[in-house]
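Student: Could you take me through one part of this model closely? I would like to look at the surroundings of the ligand.

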Amino acid sequence: MSLLAVGTVAFDDIETPYGRAERVIGGAATYITLAASYFTDDLKIVSVIGDDFPQTELDYMQSRGIDLSGLQVKNGGKSFFWAGRYHKNMNDRDTLDTQLNVLTTFDPVLPESYKNTEYLMLGNLTPAVQMRVLEQLPVRPKLVALDTMNFWMNVALEELLEVLKKIDILTINDEEARQLSGEHSLVKAARKIFEMGPKYLVIKKGEHGALLFSGDDVFFAPALPLAEVVDPTGAGDTFAGGFIGYLASTGDLSFDNMKRAVIYGSAMASFCVEKFSIERLKGLSKEDINKRVAQFARLVNFDYEIEL
Ligand code: AMP
């Protein structure tokens, strides 16, 4: 089924305790679409870049079946730029710089061929742009997911709250869930966030896995214990791409299938962190992905006998 992803396509400077990478390919929509491309071939992107973005990377995205006709290229403009530094624990990071550049004046225009999309992933970018994309769809998609971050809660909370009213699933990290809800307990945070609009909530906890909330149901998926984590950048977006890509490929929105989608998302994120930028997301096979999913199943599987 068709999937449309919105988000940044960017350059990143990344510093981790293990090394640094300068001006590498990043951006929420880049990670989302690459991850999702392993599940669905009806995949479209809405974003904006400057003419400084390498053609080879665009060609690669196209070779993965990603339709780029909704990707605006601004002549003379500079692509979105983000710089971050990870702490020793590799879970926490500081944003050193965010340069919106071409994003400042971005007005997304959906090509006609995008308008009947069945799955919509509103990846991390200006909430007003996320709203503009939703407004252009004549028929509401079967599923609308949204990812955001503290940056937008700080600078555009009102617009964010408006768009939250219109979505089905919110994916954010634990600190962002606390900031958005004002609750420390993630269970209470989920209840508050449900009142804002979403029916499902995925809370990403980095190396501590992810939680899926729906009504009173909760599902937990650990992150795969990895020998080496090189660069966590994009893990959240990659998770989101794997998650919604899997849902779009199966067309099943039951809670049980969402649990599987969380595992597929976590499997894709486990690849992402093994190299800088998008490098590890290139050239995966179905078999690589299935093997990771099987590792997850073994990680949490145990027999028990309890009389209740
Ligand atoms: P993640 O590690 O999944 O949170 O995503 C990291 C990616 O998000 C990086 O490649 C950045 O280019 C991008 N990014 C960072 N800050 C923002 C922001 N404020 N809005 C949109 N994308 C961002």
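Tutor: Start with helix 8, which gives the most to the shell around the ligand, with 3 residues. Keep in mind that this is a predicted model. The shell has 19 residues, and those that come nearest to the ligand are Asp-12, Gly-27, Arg-93, Gly-234 and Asp-237. By type, the shell divides into 9 nonpolar, 7 polar and 3 charged residues.

Some of the contacts can be followed atom by atom. Arg-93 places a polar side-chain atom 2.8 Å from an oxygen atom of the ligand. With Gly-234 the backbone is involved: one of its N or O atoms lies 2.7 Å from a ligand oxygen atom. Gly-236 also uses a backbone N or O atom, at 3.1 Å from an oxygen atom of the ligand. The ligand taken alone exposes 510 Å², and the protein buries 94% of that.

Two or more residues of the shell come from each of strand 2 (10–16), strand 6, helix 4 (150–155) and helix 8 (235–250). Strands 2 and 6 lead on to the sheet. Its 4 strands form an open sheet in the order 3-2-6-7, with mixed pairing. Strand 3 (19–26) and strand 7 (93–99) are at the edges and have a single partner strand each, so one side of each lacks a neighbour in the sheet. On average, neighbouring strands of this sheet are turned by 15° against each other, direction ignored. Strand 6 (residues 80–86) runs antiparallel to strand 7, and 6 bridges join the two. Within this pair, Ala-83 stands opposite Asp-97 of strand 7.

Notes: Residues numbered from 1 in each chain as written. Predicted model: local features only at pLDDT ≥ 70, side-chain atom pairs only at ≥ 80, totals over all residues. Heavy atoms only, no water. Pairing = 2+ DSSP bridges. Axes fitted to C-alpha atoms, helices over the stretch in contact; angles between N-to-C directions. Near = heavy atom within 4 Å. Polar contact = N/O pair within 3.5 Å; in protein donor to acceptor, adjacent residues only side chain to side chain. Areas by Shrake-Rupley, 256 points an atom, 1.4 Å probe, with all protein chains shown as cover. Nonpolar A, V, L, I, M, F, W, Y, C, P; charged D, E, K, R; others polar.
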